[in-house]
Amino acid sequence: MNQENIKRFETLLVETNREGIDKLLEWIRKSDFYTAPASTRFHSCHEGGLLEHSLNVCDCLLAKLESDVWRETLEPVGRESLIISSLLHDLCKTNYYIVEIKNKKIYSETGKKIDSNGRYDWQSVPGYTVEDKFAYGHGECSVMIAERFIDLKNIERYMIRWHMLFTEPKEMYNTIGNALKKYPSILAISEADLESTYLLEEEE
């Protein structure tokens, strides 16, 4: 486990002075949050990837406080809410992934198939797969878990719930549009999530 990332994550959450944050951290420490990947095969798909991704999103979101585009919108939200929303946005991925053995195609150093007849050689390697124990959606589940321990502000609920924006089913688009009008900061956390995924983290 990356102890530096763990310390930074916990320091940021404690900094918010939110009642119940100690209970939330106690639950997180007993879970696999610090060792889980952020995805099965895309960004930060490695041990500790979920923690890494959460910190990256937090960094990208807090950086927007210095942006001429976002400063006026995010300053009223407050640093505390930005930290809570970003660090807990993927809480739903806790105890969500399991390791299983998968077959992987082996390529030569030139990137071509190993077999001269055009066939692949295969190797058994450990990989991640999903085992959804909550079955309660994505953003909804993160809100649900967080509120077992702390009271979220409305803006935090909305930012966590809708951070996936238009990757949600199209039937939700009108609702998402209304949510954005109510809380434009949803777009900020969605941008921070994408910036982290595609600019700071690698597909593996």
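Modeller: Within helix α6, the buried residues are Gly139, Cys141, Ser142, Val143, Ile145 and Ala146. Here buried means under 20% relative accessible area, exposed over 50%, and partly exposed in between, calculated with a 1.4 Å probe on protein chains only. Because 6 of its 8 residues are buried, α6 is largely enclosed by the rest of the structure. Helices (DSSP runs of H or I, at least four residues) and strands (runs of E, at least two) are numbered from the N terminus. The buried residues of α6 pack against α2 and α7, where contact means heavy atoms within 4.5 Å.

The model is predicted, so local features need pLDDT of at least 70 and side-chain atom pairs count only at pLDDT 80 or more, whereas totals for chains, interfaces and linings use all residues. Residues are numbered from 1 along each chain as its sequence is written, and side-chain values use heavy atoms, with hydrogens and water left out.

Arginine 161 lies in helix α7, and its relative accessibility of 14% is why it counts as buried. Apart from neighbours within four places in sequence, arginine 161 is in contact with Gly139, Glu140, Val143, Glu168 and Met172. Most residues other than glycine have a negative phi.

As for isoleucine 28, its contacts outside the four neighbouring places in sequence are Phe9, Phe33, Tyr34 and Leu91.

The packing of the helices can now be set out. Axes are lines fitted to C-alpha atoms, for helices over the stretch in contact, and angles run from 0 to 180 degrees between N-to-C directions. Angles under 35 degrees count as roughly parallel, over 145 as roughly antiparallel, 65 to 115 as roughly perpendicular and the rest as oblique. A crossing is left-handed if the near helix is turned anticlockwise from the far one by less than a right angle, and right-handed if clockwise.

The axes of α1 and α2 come within 10 Å and cross at roughly 160°; the two helices are therefore roughly antiparallel. The crossing is right-handed, and in it Phe9, Glu10, Leu13 and Val14 of α1 meet Ile21, Leu25, Ile28 and Arg29 of α2. By class, this contact has 6 nonpolar, no polar and 2 charged residues. In that scheme Ala, Val, Leu, Ile, Met, Phe, Trp, Tyr, Cys and Pro count as nonpolar, Asp, Glu, Lys and Arg as charged, and the others, Gly among them, as polar. The loop between α1 and α2 contains asparagine 17, which is exposed, with a relative accessible area of 69%. Asparagine 17 has a positive phi of about 60° although it is not a glycine.

Between α1 and α3 the axes come within 10 Å and cross at roughly 50°, and the pair is therefore oblique. Here α1 passes α3 in a left-handed crossing. Asn5, Ile6, Arg8, Phe9 and Leu12 in α1 meet Leu51, Glu52, Leu55, Cys58 and Asp59 in α3. These residues divide into 6 nonpolar, 1 polar and 3 charged.

Finally, α3 packs with α9 at an angle of about 125°, their axes 8 Å apart, which makes α3 oblique to α9. The crossing is right-handed. From α3, His53, Asn56, Val57, Cys60 and Leu61 meet Ala188, Ile189, Ala192, Asp193, Glu195, Ser196, Thr197 and Leu200 of α9. Of the residues in this contact, 7 are nonpolar, 4 polar and 2 charged.

As a whole, the chain has 9 helices and 2 strands, and 45% of its 204 residues are buried.
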